[in-house]
Amino acid sequence: MFRWFKKHFIPHEGNNHRPHFLHGPNARKIVLAVLALELILFVLPSITFFRGPDFLASVLPSVLNNLTNDKRASAHLNQLTTNLLLEQAAARKASDMASKGYFAHNSPEGVTPWYWLRVSGYLYDTAGENLAVNFTDSKDVTEAWMNSPAHRDNILRQGFTEIGTAAATGYYDGREAIFVVQYYARPSNIISVTNLVSTVIASSTAPATVAVASSTAVLGEVINSLSTSPKRNTDFALLGILGVVVLALVINLITKTREKHPDLITNGLAVIVIIITIYLSNNYLFSTYPTVPLGQALISEITFN
């Protein structure tokens with residue numbers, strides 16, 4: 001390992017005082033690797049195709065559910081179980097906001113969040129709703145909720161036992177936006193019995209199936225993981241590579257040799273400039289993408305007798 005490091009990073013007679021890491025061909029390979037990482041980690045997870053409703057609806061809600069449960073685990077609270085009816089209610093609410101272009105707990109017609117639970121057949125003792133719009137990073141949505149006392153209370157409310165999340169793509173303030181709805185609830189005894197009966201019927205009538213992991217499903221999981229936080233993943237990769245290039249350049253500059261080989265220094269500086277330019281461009285794009293206030297979190301305390 002040391003021999004490899006010495007050959008690629010430290011000028012000495014064995015490499016003719018020209019560390020291989022800064023050679024022209026290697027510098028070009030580094031630039032190509034940076035561009036490939038930019039494409040995989042930042043561009044693809046951020047473009048409209050992967051943020052479209054068909055793809056988004058299958059991955060982002062599960063990511064947000066996991067992030068919510070991570071926050072609850074850190075607070076030593078029970079994990080929330082995903083409920084299909086809550087997901088349906090969240091999907092209806094998200095689609096309503098996306099189709100009508102509003103962002104609020106109550107619709108322009110005065111429809112409350114709890115309407116969507118009722119029409120989905122979910123009966124509850126207590127329920128809460130968090131909303132988000134114009135975010136491109138799943139972790140940023142959860143962190144924004146956690147930084148808002150009312151939304152944080154919903155995520156960390158001890159009485160909740162189930163969760164349902166959905167997202168829809170529409171237009172808000174004249175531009176394409178992602179609307180996110182996350183419901184939290186504790187079902188009433190009535191819904192618990194109904195769910196039990198439905199589960200028994202479904203189990204007795206559904207044909208036996210064998211789950212097979214397809215290449216599409218695997219790709220979806222990979223994109224799901226990458227799209228959770230494209231900016232953070234890209235920043236981490238870019239800064240890591242930048243650190244290695246700076247290290248190679250500094251070692252080359254401080255090591256006493258007969259000749260400093262300006263071409264190697266130029267190669268190192270060129271790679272550094274390219275990485276910093278990409279890093280600053282990514283941050284500029286995210287800083288200019290508008291986010292709006294999350295709104296006031298709602299908690300409903302309704303008991304069915």
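Predicted model: local features only at pLDDT ≥ 70, side-chain atom pairs only at ≥ 80, totals over all residues.

The dialogue below takes the features of this model one by one.

Student: How many helices and strands does the protein chain have?

Tutor: Helices (H or I, at least four residues) and strands (E, at least two) are DSSP runs, numbered from the N terminus. Here the protein chain has eleven helices and five strands.

Student: How is burial judged, and what share of the protein chain counts as buried?

Tutor: Buried means under 20% relative accessible area, exposed over 50%, and partly exposed in between (1.4 Å probe, protein chains only). Of the 305 residues in the protein chain, 45% count as buried. Strand E3 (residues 162-172) is largely enclosed by the rest of the structure, because nine of its eleven residues are buried.

Student: Which strands pair with E3?

Tutor: Two strands pair if DSSP finds at least two bridges between them. Strand E1 (residues 81-82) pairs with E3 in the parallel sense over two bridges, and threonine 82 stands opposite isoleucine 163 in E3. Strand E4 (residues 175-187) runs antiparallel to E3, and eleven bridges join them. Isoleucine 163 also stands opposite tyrosine 184 in E4. The hairpin of E3 and E4 has two residues between the strands, and aspartate 173 there takes a positive phi near 55°.

Student: How many salt bridges are there?

Tutor: A salt bridge is a side-chain nitrogen of Lys or Arg within 4 Å of a carboxyl oxygen of Asp or Glu. By this rule there are six salt bridges. Asp96, Lys100 and Glu109 are linked in a network of them. Lysine 100 bonds in this way with aspartate 96, the closest N and O atoms being 3.0 Å apart, and with glutamate 109, where the closest N and O atoms are 3.2 Å apart. Both lysine 100 and aspartate 96 lie in helix H4 (residues 84-100), four residues apart, about one turn of the helix.

Student: Which side chain does aspartate 125 meet in a salt bridge?

Tutor: Aspartate 125 meets arginine 186 (3.9 Å, N to O). Aspartate 125 lies in strand E2 (residues 124-133) and arginine 186 in strand E4, so the pair ties together parts that are 61 residues apart in sequence. Aspartate 125 counts as buried at 16% relative accessibility, whereas arginine 186 is partly exposed at 32%.

Student: Which residues does the UniProt annotation "transmembrane region" cover?

Tutor: UniProt positions are given in the numbering used here, feature names are shortened, and annotations may be inferred rather than shown by experiment. The unreviewed UniProt entry places this annotation on residues 30-50, 236-255 and 264-281. In the model, residues 236-255 are 95% helix and 0% strand, with end C-alpha atoms 29 Å apart. Residues 264-281 are 100% helix and 0% strand, and their end C-alpha atoms lie 26 Å apart.

Conventions:
Residues numbered from 1 in each chain as written. Heavy atoms only, no water.
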